[in-house]
Structures are given as structure tokens and as C-alpha cells.
Amino acid sequence: VAHLTVLDLGSPSPWAHQSVVDPDPQTLGLTSTHLAYVIYTSGSTGTPKGVMVEHKSAINLTQAQIALFGVSSSSRVVQFTSCSFDVSVAEIL
């Protein structure tokens, strides 16, 4: 059975009670070695496993792509891949 989540943009946001200001990472004790995300893959073995990606790795990828593609504040990127595919991180960041 597939599960579908619908977010009604016409009603109050379920996150309305959250702060609009980002917390200070240093105050929280966060560093570049903390996890940015976990992506799950079956790889070549067919056995599901999680790959943990640290913030510093995501930033390294982002900075390399900015340099390679000449990305600027006026650049636009098409989100083409599914968010469940690891390549989507390159498009999102």
C-alpha cells in the first residue's frame, strides 16, 4: 500500500510554530564533521545500507560544482532527478 502525504499550502503551515531564524551551529556544538544527510542504497550487492555524508563533504561537492560550472547568484538549476537519488544533492545544493 502506497502512502501519500499532501501538504495543503492554503492552510496554516504545520511548521508555523518554528523559529524563522536559523540556530547558531556553534552554540549547538555542531561542526563540519556532523551528518548532513544519510542516503540509502542497495549498491551492487542488493543489500540495503545507509551512506552517511558529513557537511564538509556536501560543501566540498558544492564548491567544486560552483567552480566547474561557473555558478553565480543569478544561475538557475533544474531539479531533474528524484530527491531519493544521490545525484539530486548536487542539484539541490
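Student: Is E54 buried, partly exposed or exposed?
Tutor: E54 counts as partly exposed, because its relative accessibility is 26%. Buried means under 20% relative accessible area, exposed means over 50%, and partly exposed lies in between (1.4 Å probe, protein chains only).
Student: Which side chain does E54 meet in a salt bridge?
Tutor: The side chain of K56, at 3.6 Å from N to O. A salt bridge is a side-chain nitrogen of Lys or Arg within 4 Å of a carboxyl oxygen of Asp or Glu. K56 is partly exposed too, at 43% relative accessibility.
Student: How many salt bridges does that rule count?
Tutor: The count comes to 1.
Student: New topic: how is this model made and numbered?
Tutor: It is a predicted model, where local features need pLDDT of at least 70, side-chain atom pairs count only at pLDDT 80 or more, and totals for chains, interfaces and linings use all residues. Residues are numbered from 1 along each chain as its sequence is written, and side-chain values use heavy atoms, leaving out hydrogens and water.
Student: What is the average pLDDT here?
Tutor: The protein averages 84, and 96% of the residues score at least 70. pLDDT is the predictor's confidence in each residue, from 0 to 100.
Student: Which element has the highest mean pLDDT?
Tutor: Helix 1 (residues 55–69), with 93, while helix 2 (residues 88–92) has the lowest, 84. Helices (H or I, at least four residues) are DSSP runs, as are strands (E, at least two), numbered from the N terminus.
Student: And where is L35 found?
Tutor: L35 is in strand 1, and is partly exposed at 43% relative accessible area.
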